[in-house]
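Dear colleague,

Please find the structure below, followed by a summary of what was found in it.

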Amino acid sequence: MSAVIPVSTPISQPFWEGLKEEVIRVPRCDECSHWIFYPRRHCTHCGSLSMTWREISGRATLCSYTLARVPTLEEFAADPPQNLAIVTLEEGFNVNSSLVDIEPGDMRIGMALRPVFAPVGDSGARRLLFTAA
Amino acid sequence: MGLQGKASITGYAQYAPEKYATAPQMFHLEQVADLAHQALKESGLALQDIDGLILNNTSFHEADIFVPAMAAEYLGIPVNFAEVVDLGGTSAVAMVWRAAAAIELGLCQAVLCVLPARMAPLGPAEDPTQLATAMRFGGHSTRYGAPEAEFDIPYGHVGQNTGYAMIAQQYADRFSYDPRAMAKLVVQQRDNAQEHPQAIFRGQPLTEADFLASRMVADPLRLLEIVMPVAGGAAVIVTSETLARRCPHRPVKVLGFGERLAYKSPTYAADMTVTPIREAARQAFAMSGLQPVDMHMAQVYDCYTITVLLSLEDAGFCAKGEGMRFLRERDLGFRGDFPLNTHGGQLSFGQAGTAGGMSQLIEACTQIQGRAGPRQVPRHDNAFVSGTGGVMSEQGVLVLQGGEPA
């Protein structure tokens, strides 16, 4: 199980701590307003080193998804078929995720999604998953 | 800008793809020496003519660091130019242009580019399950601070299948995903493989019905759309004009190249249906002075069917969104109007790790030299070769042309 528990770094910690409080915090560039995901210490758009962590709504749409008929890792074998998703936040950046409580036949690229702050076992960590809005 | 077409591939060698369980086991250094020996014989050169060396360090068995020095010492040759390439499936393409550039700069005369991909024998204290454990995360790093360890693996985004599947799913949503077009690609490549003595799926032709009955692995990708890993290994020798004259066969000139790395995970692509090969191919064609329409064959890296489709579109063989139609309408056989992966592609030839990309390169050289036997392409002067690493993360292109035989 250990590899699937996210391990935060000094750079990303506010993101993972936010999820525990059921909020999504992402750094935004003070110079060009670009959202920086995954968190880094420079703006990938303009190179600025000045940024501020901001809370976002989590409103999102489905960018792409697949059903892994062969689990990608044994930790995901419990509830087949394993679903993987790429989600576009309304701020315009993508995150890796997974969809919950949506039947595979109802998954549609472009569908509106809202965040689910899902605990990873009893590790205390949470993952950012999504479900239909 | 770029190459003048003065460097040529004059020798090559590759192990027949084999199942890991039954393939011979050899140390990687031993494979380097063996493949070098075979390729040198082809090129009409001796070991002492080699003065440049390019190989892999990732998954090199006997060392992670100082690999070129170790290999040069093992071979017994000093070199003027040494390099490791860590570009996954586009390593073969990347090695050749680096070798050609070094030769045109006058750094060296003959460069050995080699990718050993047979397993090494287990040491007395080594655990046979070690490899399986190491392979659990595929090309994904689990190290602290690696973005993928933090933002991919916890969500199960691991390995290649699902990444390519999500690209294909995006394509399906924006354009269409036609299983019959993909079936045609797979079946025609399999037909091509029937005439290659080394192809792993020789003797096992396929039909569209076989394809459509093939089980779904990661929607929309079926099993027959996914390459099979095999043991193998390959080498090519790139030489100067002077040394190319010693080659008993037609030298294969490196006219143009391009390379583009855009991301590690397609999640962060600006548009995952537009692939890095677009820029790579644009540069390669501009450098060569040729166009897609001038190519007599396309040897396109095919870890997945979607890789071929997007490569053909983005390299300019057809318009964006037209790839499925292109595959349906063109004859992809070695005698067809668009000879594609005439050795069967890796889907039917087998994918020997990063040496898999060598199979496309070596097939292009074999065809250009007119040595492809029953699968010989009738017109065979110009070839397009591509490589793809990661999940469409890094792509490279070579434009090759047959020179005058000595």
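Between domain 1 of chain A and domain 2 of chain A, the count is two residue pairs in polar contact, both at pLDDT 80 or more. A polar contact is a pair of N or O atoms within 3.5 Å; within protein, one must be able to donate a hydrogen and the other to accept it, and residues adjacent in sequence count only if both atoms are side-chain atoms.

On the side of domain 1 that touches domain 2, helix H1 (13–20) and strand E1 (24–29) of chain A are the elements that give two or more residues. H1(A) gives the most, with four residues. Helices (H or I, at least four residues) and strands (E, at least two) are DSSP runs, numbered from the N terminus. The residues of this side divide into nine nonpolar, no polar and two charged, where Ala, Val, Leu, Ile, Met, Phe, Trp, Tyr, Cys and Pro count as nonpolar, Asp, Glu, Lys and Arg as charged, and the others, Gly among them, as polar.

This is a predicted model in which local features need pLDDT of at least 70 and side-chain atom pairs count only at pLDDT 80 or more, while totals for chains, interfaces and linings use all residues. Residues are numbered from 1 along each chain as its sequence is written, chains are lettered from A and ligands numbered from 1 in the order in which they are written, and side-chain values use heavy atoms, with hydrogens and water left out.

The domain assignment of chain A, whose bounds come from an automatic or database assignment, gives domain 1 (8–56) and domain 2 (57–133). Across their interface the rule finds one salt bridge, that is, a side-chain nitrogen of Lys or Arg within 4 Å of a carboxyl oxygen of Asp or Glu. The side chains of A:Arg126 and A:Glu22 meet in a salt bridge at 2.5 Å, N to O.

A:Glu22 is found in the loop between H1 and E1 of chain A. Its phi is near 60°, a positive value in a residue other than glycine. A:Glu22 is described as partly exposed because its relative accessible area is 44%; buried means under 20%, exposed over 50%, and partly exposed in between (1.4 Å probe, protein chains only).

In chain B, B:Phe66 also has a positive phi, of about 55°, although it is not a glycine. With a relative accessible area of 65%, B:Phe66 is exposed.

Finally, a cis peptide bond joins A:Pro80 and A:Pro81, with omega about -10°.

Yours sincerely
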